[in-house]
Amino acid sequence: MTGWLQSVHPQTLRVTALALVLALVILFFGSQIDNYYTARMFNRISTSVAIILLIAIGQALVVITRNIDLSVGSIVGFTAYLVGDLLVAQPDLHPLVVVAAAMALGTALGAVNGLLVAYGRVPAIIVTLGTLALYRTLLVEYSDARSITTANLPKWVVELPQATLFSIGNLDIRVTFAIALGVALVVHLALTRLRAARRLYAVGSNPDAAAIAGINAERVVFTAFLLSGALAGLAGFVFLARFGNITVVAGLGFELKSVAAVVVGGVNIFGGSGTVIGVVLGTTLVDVIDNSLTRWALVSEFWRDALLGMLILIAVAADTLMNRYLDRLRRRRHMSELSAGTAPLPRETG
Amino acid sequence: MRRLVRWELLLLVILAVTIVINSAMSPMFLTIGNQINLFQLSIEKIIVALMMTLVIINGEIDLSVASMMGLAACAFGWLFQLGVPAGVAIPMVLALGLLGGAFNAFWITVIGMPSLVVTLAMLIGFRGMARILVEDRGITGFPEWFNALGQQPILGPLPLALLVFAVLFVILLVVLHRSGFGRKVYVIGNSAEVARYSGVAVPRVKALLFIASGFVASLAGLLYTARVSAVRGDVALGFELDIITMVLLGGVSIFGGKGTLWGVLLSILIVLNLRNGMALANITGHLQTGVIGLLLILSVLVPNLVQSARLSFRPGSAAR
C-alpha cells in the first residue's frame with residue numbers, strides 16, 4: 001500500500017512537495033492581494049531572489065559538507081562596500097574586472113573561514129559566528145562612517161538592475177536574475193555530473209568513510225568555504241548595483257535568510273544531501289512570503305520574521321519525520337526479505 | 001581533566017594581566033564602584049551565559065536566548081501598555097519564558113530535530129514575535145519601583161541583577177558539579193547513545209535544560225528592561241555571540257561533555273575586564289565586538305593547535 005513511497009527518491013518527493021507549497025502560497029496571496037499577478041511583482045521578487053539565491057547556493061555547498069557559514073551576510077556587506085569604493089575611485093574599470101574583484105574579495109574572506117574550519121579544526125559555527133562579527137567590524141573601521149551613494153557610481157552599475165536580458169510576454173528576465181539562474185544551473189550540473197563535486201556529498205554524509213575512500217576531506221571543506229565566499233562576493237556586487245546606497249549595515253541578516261532558504265529547500269543540515277533545485281524553490285518560497293507579507297493588508301509586515309521562523313521549523317520537522325518514516329518502511333521491508341533469504345543484513349541509516 | 005585545569009590556570013593568568021594593565025591605565029579601575037558597574041553593564045548576558053554553560057556541556061546549543069530576552073522585554077512593555085500592572089506582568093513574562101523554552105524542547109526532544117536548527121529558527125521567530133508586539137514603537141514610563149529594581153542597590157552596594165547572578169551561580173554550581181542531574185548532563189554531552197543505553201532519560205534532561213534556558217533568558221530580559229527602563233524591538237539583538245563566547249572561552253567544549261562553571265566565571269571576568277579596558281582606551285563598541293569575535297575563534301583554535309602539536313611530538317601514539 002505504501003510501496004510507491006519507497007520507489008520515489010526522497011529528494012524528488014521533497015522537491016515536489018516544495019513546488020506544491022510554493023504554488024499554493026502564490027495562489028493564496030493572489031486571492032488576498034489586488035493586482036498580485038503583475039510584471040512589477042515578478043520583477044520585484046526576481047531581483048531580490050537574484051541576490052539571496054547566489055548566497056543560498058554557496059551556503060548549500062557548505063551545508064552539504066556538514067558545516068555552516070554564518071559570515072555570508074558580513075561578506076556581502078564587505079564586498080558591496082569595498083567594490084563600491086573601488087568604483088568611486090576608478091569609475092572606468094571594465095565591468096568584468098569589477099565582478100572579478102568582488103568575487104576575489106569574497107573568496108579571500110571565505111578562505112579565512114575555510115582555513116580555520118578545515119585545517120584549524122575549529123567547528124564551523126564558531127568560526128563563522130566569529131568572522132560574522134569580525135568582517136563587519138573591519139567594514140565599520142574601514143568605512144569611517146562614510147557611505148557609498150548612487151550618485152558616485154558609474155552609470156552602468158546603477159542601470160544594471162533594470163537591464164533586461166529578454167522578455168517572456170510582459171515578464172522581463174533581468175540580467176541579475178539571469179546571472180543567478182546561470183550560477184544555479186552550473187552548480188546543479190556540477191553537483192549531479194562531476195566526480196569532484198560528488199566529494200562534497202561524500203564528506204558530508206560520512207567524513208570518516210570519505211577519508212578511508214581516499215578523499216582529502218580538508219580540501220573539500222576548504223573548497224566549499226571558498227565557493228561560498230566567492231558567491232557571497234558576487235552577491236555583494238549585485239547588492240551594490242541594486243541598492244546603490246551602501247552603508248555599513250549592508251547585508252545584515254542575510255546569513256539567517258540563506259540558512260532558511262537552504263533548509264526549507266531540503267538540504268539536510270547534517271550534511272550529505274541536498275539539491276540545487278530544492279535551494280532555488282526554497283529561496284523563492286522564502287522570498288515570495290517575505291515580499292507578499294509587506295503588501296498583505298490583513299497582517300502587518302511585522303509578522304514576517306515570526307512566520308519565517310515557523311516556516312523553517314515546519315520544513316525541517318516535515319523532513320525529519322518523513323525520513324524517519326521512510327527509514328522504518330525500508331527496514332521493515334529488509335526484515336521481511338531477510339526472512340525470505342533474499343536480502344543482505346539490514347542497516348540503520350540516517 | 002588535566003587539560004581543563006591548565007586551561008583555567010591560563011584564564012587566571014590572562015585575567016591577572018588584563019587587571020594589571022587596566023589598573024595601570026586608570027586609578028579608578030580597581031574601585032568597588034567600577035567593578036560593580038562593570039558587571040552591571042553586561043549582567044543580563046552573563047546570567048544567560050551561566051545557563052548556556054549547562055546546555056553546551058549537554059552537547060546542545062541555544063541560539064534563541066537573545067531573541068527570548070527581547071521577546072520577554074517586549075511582552076512586558078506590551079502588557080504594561082495594555083494596563084496590566086507591572087507586578088502581574090512579571091510572572092506572566094516569566095511563564096512566557098518557560099513556554100518558549102518548552103517550545104524549543106518539543107521540537108528537539110519529541111520531533112528529534114537538531115537544536116542548532118530549532119534555536120536558529122526561534123532566533124528569528126522569537127524576535128519576530130517581539131516585533132509583532134511592539135512594532136516600531138519604544139515603550140517607557142514603567143513604575144518607579146520597577147526601574148529602581150534595575151538601577152538601585154538593594155543589598156549593600158549590590159543591585160538585584162548581581163544578586164540574581166550570585167544566587168544562580170551557586171544553584172547551578174551545585175546542580176552541575178554536585179548532583180546526579182549534573183552527572184547526567186556530562187554523560188549525555190559525552191555520548192547521548194551511551195547515556196541512553198545506561199538508562200538515562202536523555203529527552204527529559206534535555207527538555208529541562210531548554211525550559212530552564214528559556215526561563216533564565218526571560219528573567220534576564222526583564223532585568224534588562226528594568227535597568228534601561230525602556231523597551232524596543234531590538235532589545236538584546238545579537239547578544240548570543242557574546243554569551244556563547246563567554247561559555248566557550250571558559251573551556252567548555254562545543255561538542256559537549258567538557259567544561260566547568262568556574263572556567264566560565266573566569267572567562268566572564270576576562271571578557272568584562274577586556275571590554276572595560278578597551279572602553280578606557282577609547283576603543284569603540286564595534287571594535288570591541290570584533291575583538292570578542294576573534295577571541296571566540298582563538299579560544300578553540302589555540303587548544304586545537306596545542307593538542308596537535310603535542311600529538312606530533314609523540315609519533316605513533318595517536319593517529320588522530
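In this predicted model, helices α4(A) and α6(A) cross in a left-handed manner.

**Where the two helices of chain A meet**
- From α4(A), the residues taking part are A:G73, A:S74, A:I75, A:G77, A:F78 and A:Y81.
- Facing them in α6(A) are A:T131, A:L132, A:Y135, A:R136, A:L138, A:L139 and A:S143.
- By type, the residues of this contact are seven nonpolar, five polar and one charged.

**A helix to look at in chain B**
- Helix α4 of chain B runs through residues 65–81, which makes 17 residues.
- From its first C-alpha to its last, α4(B) reaches 24 Å, close to the 24 Å expected at 1.5 Å a residue.
- Most of α4(B) is covered, with 15 of its 17 residues buried.
- Just after α4(B) comes B:G83, which has a positive phi of about 100°.

**Where chain B touches chain A**
- On this interface, 35 residues of chain B are in contact with 36 residues of chain A.
- The elements of chain B that each give two or more residues to its side are α5 (86–111), α6 (115–134), α12 (239–249) and α14 (285–313).
- The most comes from α6(B), with 13 residues.
- Chain B's side consists of 24 nonpolar, eight polar and three charged residues.

Note on methods:
Residues numbered from 1 in each chain as written. Chains lettered and ligands numbered in written order. Predicted model: local features only at pLDDT ≥ 70, side-chain atom pairs only at ≥ 80, totals over all residues. Contact = placed C-beta atoms within 7 Å. Helix = DSSP H or I, 4+ residues; strand = E, 2+ residues; numbered from the N terminus. Nonpolar A, V, L, I, M, F, W, Y, C, P; charged D, E, K, R; others polar. Expected span 1.5 Å × (residues − 1). Buried ≥ 20, exposed ≤ 12 C-beta atoms within 10 Å, placed from the backbone. Left-handed = near helix turned anticlockwise from the far one by under 90°.
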